[in-house]
Amino acid sequence: MEEPELRNLAVLALGALLASACNPAPAPTEATVSGTATYRERMALPPDSVFEVRLEDVSRADAAATPIAETRVASPGNPPFAFTLTYDPARIDAAHSYSIRARVLRGDKLLFTSDTNTPLPGGDAPAPLEILMVRADAERMAAPDLPDSSGGSTVLRGAYSHMADAGLFTACGTDERIPVAMEGDNAALESAYLKSVPEPGATLIATVIGRVEPREPMEGPVRPHLIVEQFVNVASGGCDTPRAAALEDSWWQLTQLGAAPVTLSAGQRAPWLVLNSANHRVSGYSGCNRMMGGYSVEGTKLGFSQMAGTMMACLQGMEIEQALHDALAKVAGWQIEGERLDLLDANGAVIAAFTGV
């Protein structure tokens, strides 16, 4: 090849390189996230149900989530439900928080919904998501006369016994013995009972956070079962035996934020929290959403970390919820007087107070 031709080829190659640098490949206009959603209840959905998955911007705690993308499947059949959600990556701001929410509806009625935060995964090929939904309709079977104060669950204290791989629970103030389902935090309840019981089959007083729902036993018809969402403690004695308040493994109801008492509207549930000594995890209800996180305690020093919550918007409780989260972030110490727990800041001032229940 002659020298002029080589020079021309070099010029053409350089021009192509410069054109490529000046005109980079366009950014992708679509991104996808896939996974499955399911629920634990053994029940078929009505044929006119709709399964829905949404990508939402949940950055603002004081505002409703902003929808980014949505996919819907009519008559989805039985779980698990597979989904692929397509969205515009240009709408994703790295400084914002995003969550995937799944739910099942029948007309305007919500049947099942996810109640924990499922963040939008990053990376070019994220692993498939697995979302667990909980029942949200009003058809749950409830034991009689049980208190309702924990944002969708119930704080229960009652007589518990365990024999032949089966647990039975009788809530204080009732006479109905309810079998305990082998799911949720049941294993922790069983373990604590077996370590503490003086003789096989004896009764202890158990405190749990849970709900009562229909389950199908090994034999016989469907009947109400206690679903233990969180084990709190077991103790000897009876329902009328007083129990000294302790920081950990007690159920604490919020009564004061700063110097002001917490005032609830009619029908509004009181915020609460439990500090579980077994794993140093916090669970509770902050006024609108469930909350969870970690804590560390050393003597009278106390700190909360990685506190988070579900992302539902409520007509009531949002202001209390934000104030409670702000207070927990400032906690440096604690003190108990009688049945009152005070959370203190670094200067020893009370920033939140709770009553043991």
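The structure holds 9 salt bridges, a salt bridge being a side-chain nitrogen of Lys or Arg within 4 Å of a carboxyl oxygen of Asp or Glu. Side chains of opposite charge can pair when their charged atoms come close. Before selecting anything, note that this is a predicted model, in which local features need pLDDT of at least 70 and side-chain atom pairs count only at pLDDT 80 or more, while totals for chains, interfaces and linings use all residues. Residues are numbered from 1 along each chain as its sequence is written, and side-chain values use heavy atoms, with hydrogens and water left out.

**First stop: salt bridges**

Select arginine 101 and glutamate 56, which form a salt bridge whose closest N and O atoms are 3.1 Å apart. Arginine 101 belongs to strand β5 (residues 98-106) and glutamate 56 to strand β2 (residues 50-57), so this pair ties together parts that are 45 residues apart in sequence. Helices (H or I, at least four residues) and strands (E, at least two) are DSSP runs, numbered from the N terminus. Arginine 101 counts as partly exposed at 22% relative accessibility, whereas glutamate 56 counts as buried at 6%. Here buried means under 20% relative accessible area, exposed over 50%, and partly exposed in between (1.4 Å probe, protein chains only).

Next, select glutamate 229 and arginine 211, whose side chains meet in a salt bridge (2.4 Å, N to O). Glutamate 229 lies in strand β12 (residues 223-235) and arginine 211 in strand β11 (residues 204-215), so the pair ties together parts that are 18 residues apart in sequence. Glutamate 229 is partly exposed at 27% relative accessibility, and arginine 211 is buried at 11%.

Then select aspartate 342 and arginine 340, a salt bridge in which the closest N and O atoms are 2.5 Å apart. Aspartate 342 is buried, with 5% relative accessibility, while arginine 340 is partly exposed, with 31%.

**Second stop: serine 99**

Return to strand β5 and select serine 99, which lies in that strand. Is serine 99 buried or exposed? Serine 99 is buried, with a relative accessible area of 5%. A polar atom of its side chain lies 3.5 Å from the backbone oxygen of threonine 118. Not counting residues up to four places away in sequence, serine 99 touches Arg54, Leu55, Glu56, Val58, Asn117, Thr118, Pro119 and Leu120; contact means heavy atoms within 4.5 Å.

Select helix α2 (residues 186-196), whose buried residues are Asn186, Leu189, Glu190, Ala192 and Tyr193. They cover an arc of only 170° around the axis, which puts them on the same side of α2. The arc is that of the directions from the helix axis to the C-beta atoms. On the other side of α2, Ala187, Leu194 and Lys195 are exposed.

Which strands cover the buried residues of α2? The cover includes β8 (154-163), β11 and β12. In β11, 11 of its 12 residues are buried. Strands β8 and β11 run antiparallel and are joined by 7 bridges; two strands pair if DSSP finds at least two bridges between them. Select valine 155 to see that it stands opposite isoleucine 209 in β11. Strands β11 and β12 also run antiparallel, joined by 11 bridges, and alanine 206 stands opposite valine 234 in β12.

Select helix α3 (residues 318-329), whose 12 residues reach 17 Å from the first C-alpha to the last, close to the 16 Å expected at 1.5 Å a residue. The expected span is 1.5 Å times one less than the number of residues. The buried residues of α3 are Ile320, Glu321, Leu324, Ala327 and Leu328. They cover an arc of only 130° around the axis, which puts them on the same side of α3. An α-helix has 3.6 residues a turn, so residues three or four places apart point the same way. The face turned away from the buried side of α3 carries the exposed residues Glu319 and Ala329. Among the elements covering the buried residues of α3 are β13 (251-257), β17 (290-298) and β20 (340-344).

**Last stop: serine 277**

Finally, select serine 277 in the loop between β15 and β16 (281-285). Serine 277 counts as partly exposed at 33% relative accessibility. Leaving aside neighbours within four places in sequence, serine 277 is in contact with Glu248, Asp249 and Tyr295.

Terms used:
Polar contact = N/O pair within 3.5 Å; in protein donor to acceptor, adjacent residues only side chain to side chain.
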